[in-house]
Amino acid sequence: MTIAVTTPTGHVGSRVVRLLLQAGVRPRVLVRDPARLDAATRERVDVRRGDLTDAAFVREATAGARTVFWVDPTPPSAEDPIETSERTASGIVEAARAGDVARVVLLSSVGAEKRHGAGHIDALARIEEQLDATGADTLHLRCAYFFTNLLMDLDDLARGVLTTAFTPDMPMPWVDPRDIGDVVAARLLNDAWKGRTVQAVHGPEDLTFEQVARTLTEVLARPIQLKPVGDDDVRAALRSAGLSPSAVDGIVGMTAGTRDLIPEQPRDLVTTTPTTLAAWAYVHLRPAMAA
Ligand SMILES: NC(=O)c1ccc[n+]([C@@H]2O[C@H](COP(=O)([O-])OP(=O)(O)OC[C@H]3O[C@@H](n4cnc5c(N)ncnc54)[C@H](OP(=O)(O)O)[C@@H]3O)[C@@H](O)[C@H]2O)c1
């Protein structure tokens, strides 16, 4: 029962690998630089070295794996992010279509249910559809907004500012990627599910950005002021940072397209995961700010 894991050095993938090792499984990992795995992990996994944008590599490296955990590695800042994400997934789609892979767990996103109109998330929707058409068993994990996105705001937070284009008082699900890893590993280890499944990973509670600013104020022990901005402000900032028009549309579209979204999969026993923003921020954000 070979399990192949992509992005084993990422927030989610690294947790998945750790849990598989603890379950007594030796996973196959697709990694572009094995030196980025710690030595203890490296000696317990089967390494396939290559770039996920190389469809021939993905096809060859996943062949014969019963289950693959697929993470789209495309950065939202890519020249044409939607096209790049789809092209990058072509190797795993082809492997599933050919029957070389029996089951695929996809790291998808809240908003993919819209299919169109959610910026770069539209690419995950298309990958869901393409995998579903292969005949393989598929599980799409529609994940909430990652706590780790805050790590991209360290400079602003150091100035006491949290900038957002989301509606300040609109609750939305937030999640610790490590908790997503727990769900992924459990699903990879369960050999019983079949067909097409969609499951959300919503974190412990829906949060407004106003609540997030208050929590960060407490945990970081400094005032964090919420600074709401409009989509046009974000567009202008991304353009001046040199991003392509497609990348700008992809990033702005993710916020604009999910701003008022009620996720298709409701919060319940299965979709709720435990780690609170305060707990995550204390362990990860505080030291990152101090560094
Ligand atoms: N952020 C959100 O709020 C959110 C919400 C829902 C879904 N998602 C999805 O979550 C995924 C990101 O997960 P994450 O946060 O765990 O990732 P992450 O921590 O940002 O790490 C990115 C991973 O991708 C790998 N990678 C990047 N380009 C690669 C390439 N060309 N070939 C091989 N590997 C490559 C990196 O490997 P190296 O170590 O080599 O750099 C790293 O392991 C994305 O697909 C995103 O759509 C995100």
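Is Pro75 buried or exposed? Select Pro75 to begin: this residue is exposed, because 11 other C-beta atoms lie within 10 Å.

The structure is a predicted model, in which local features need pLDDT of at least 70 and side-chain atom pairs count only at pLDDT 80 or more, while totals for chains, interfaces and linings use all residues. Residues are numbered from 1 along each chain as its sequence is written.

**Two prolines in loops**

Remain at Pro75, which lies in the loop between strand 4 (67-70) and helix 4 (81-97). Helices (H or I, at least four residues) and strands (E, at least two) are DSSP runs, numbered from the N terminus.

Next, select Pro274, in the loop between helix 10 (245-258) and helix 11. Pro274 counts as exposed because it has 10 C-beta neighbours inside 10 Å. Its contacts include Asp179 and Pro204, leaving aside neighbours within four places in sequence; two residues are in contact if their C-beta atoms, placed from the backbone, lie within 7 Å. Between the C-alpha atoms of Pro274 and Val175, 99 residues apart along the chain, the separation is 8.7 Å.

**Helix 8 and helix 11**

Select residues 209-220 (helix 8) and residues 277-290 (helix 11): their axes come within 10 Å and cross at roughly 60°. Axes are lines fitted to C-alpha atoms, for helices over the stretch in contact, and angles run from 0 to 180 degrees between N-to-C directions. Helix 8 and helix 11 are therefore oblique to each other. Angles under 35 degrees count as roughly parallel, over 145 as roughly antiparallel, 65 to 115 as roughly perpendicular and the rest as oblique. Among the residues that meet here are Val212 and Leu216 in helix 8 and Ala281 and Leu285 in helix 11.

**Helix 3 and helix 4**

Move to helix 3 (residues 55-62), which packs against helix 4 at an angle of about 40°, the axes being 7 Å apart. This pair is therefore oblique as well. On the helix 3 side, select Ala55, Ala56, Val58, Arg59 and Thr62; on the helix 4 side, select Ser90, Gly91, Ile92, Glu94 and Ala95.

**Two positive phi values**

Most residues other than glycine have a negative phi. Select Arg115, where phi is near 75°, a positive value. Arg115 lies in the loop between strand 5 (103-109) and helix 5 (121-132), and counts as partly exposed because it has 13 C-beta neighbours inside 10 Å.

Then select Ala221, which is not a glycine but has a positive phi of about 55°. Ala221 belongs to the loop between helix 8 and strand 12 (225-228). With 8 C-beta neighbours inside 10 Å, Ala221 counts as exposed.

**The nonpolar core**

Finally, select Phe69, Ile92, Val104, Leu106, Leu141 and Val184, which touch the most other members of the largest nonpolar core, a group of 77 residues. A nonpolar core is a set of buried Ala, Val, Leu, Ile, Met, Phe, Trp, Tyr and Cys residues joined through C-beta atoms within 7 Å. Which residues does Leu141 touch? Not counting residues up to four places away in sequence, they are Val105, Leu106, Leu107, Ser108, Ile180, Val183, Val184, Gln199 and Val201.

Methods
A residue is buried if 20 or more other C-beta atoms lie within 10 Å of its own, exposed if 12 or fewer, and partly exposed in between; C-beta atoms are placed from the backbone.
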